[in-house]
Amino acid sequence: MSTITKSSVELDELGKFFTITARRIDAGQSAPEMFSAAIDATWHRLADAPAVHQAFTLRHAGRRLAHVESAGSGFVSWVGAYEEAYGPLPEVWFTDADGTVDAEALARYRESGEVWAEWNCAPAPGDGDDLVPVASYL
């Protein structure tokens, strides 16, 4: 039995994130930034079961998606597309892997409608086997 609970908020939000990912890729935009540690932790658990992960991404994005390193910080540009499809971001997007809500970041989002954050990963089309590092400095 999988440790992923299909009714979990994090898993539901990951599915929405993958749907937004597919729309952005189809529109020629960059993949969205994964800035929620809580949702990313769920993604990591899901990726530990490759067949389940593949079925999940196919169901929500219509394609396979890989989890890739993509560190950065700044304005999170996909939030408007999420809000148009699903409404305001829920609290879980501002929650760390231990379940602690960043109340300050959540309040800023609720006041401004914008998210400024740090991230260290993003989805990429495929299963990750065909990805090549952009540059190597070794």
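The side chains of Glu 13 and Lys 16 form a salt bridge, with 3.1 Å from N to O. By salt bridge I mean a side-chain nitrogen of Lys or Arg within 4 Å of a carboxyl oxygen of Asp or Glu. Both residues sit in helix H1, three residues apart, which is about one turn of the helix. An α-helix has 3.6 residues a turn, so residues three or four places apart point the same way.

Before going on, the ground rules. This is a predicted model, in which local features need pLDDT of at least 70 and side-chain atom pairs count only at pLDDT 80 or more, while totals for chains, interfaces and linings use all residues. Residues are numbered from 1 along each chain as its sequence is written, and side-chain values use heavy atoms, leaving out hydrogens and water.

Is Glu 13 buried or exposed? Glu 13 is buried, because its relative accessible area is 4%. The cut-offs are under 20% relative accessible area for buried, over 50% for exposed and partly exposed in between, with a 1.4 Å probe and protein chains only. Lys 16 has 25% relative accessibility, so Lys 16 counts as partly exposed.

By this rule there are three salt bridges. Another one joins the side chains of Arg 63 and Asp 26, at 2.9 Å from N to O. This pair links distant parts of the chain: Arg 63 is in the loop between H3 and S1, Asp 26 is in helix H1, and they are 37 residues apart. Arg 63 is partly exposed at 22%, and Asp 26 is exposed at 56%.

Glu 104 and Arg 108 also meet in a salt bridge, again given from N to O, at 2.9 Å. They are four residues apart in helix H5, so about one helical turn separates them. Glu 104 is exposed, at 56% relative accessibility, and Arg 108 is partly exposed, at 40%.

The backbone oxygen of Arg 108 is 2.8 Å from a polar atom of the Ser 112 side chain. That side chain of Ser 112 also reaches the backbone nitrogen of Glu 114, at 3.1 Å.

Now back to helix H1, residues 9-26. Its 18 residues should span 26 Å at 1.5 Å a residue, and the end C-alpha atoms are 26 Å apart, so the two agree. The expected span is 1.5 Å times one less than the number of residues. The buried residues of H1 include Leu 14, Phe 17, Phe 18 and Arg 24. They pack against helices H2, H3 and H4 and strands S1 and S2. After H1 comes Gly 28, with a positive phi near 80°.

Finally, the chain as a whole. The protein chain has five helices and two strands, in the order α-α-α-β-α-α-β from the N terminus. Of its 138 residues, 39% are buried.

Note on methods
Polar contact = N/O pair within 3.5 Å; in protein donor to acceptor, adjacent residues only side chain to side chain. Contact = heavy atoms within 4.5 Å.
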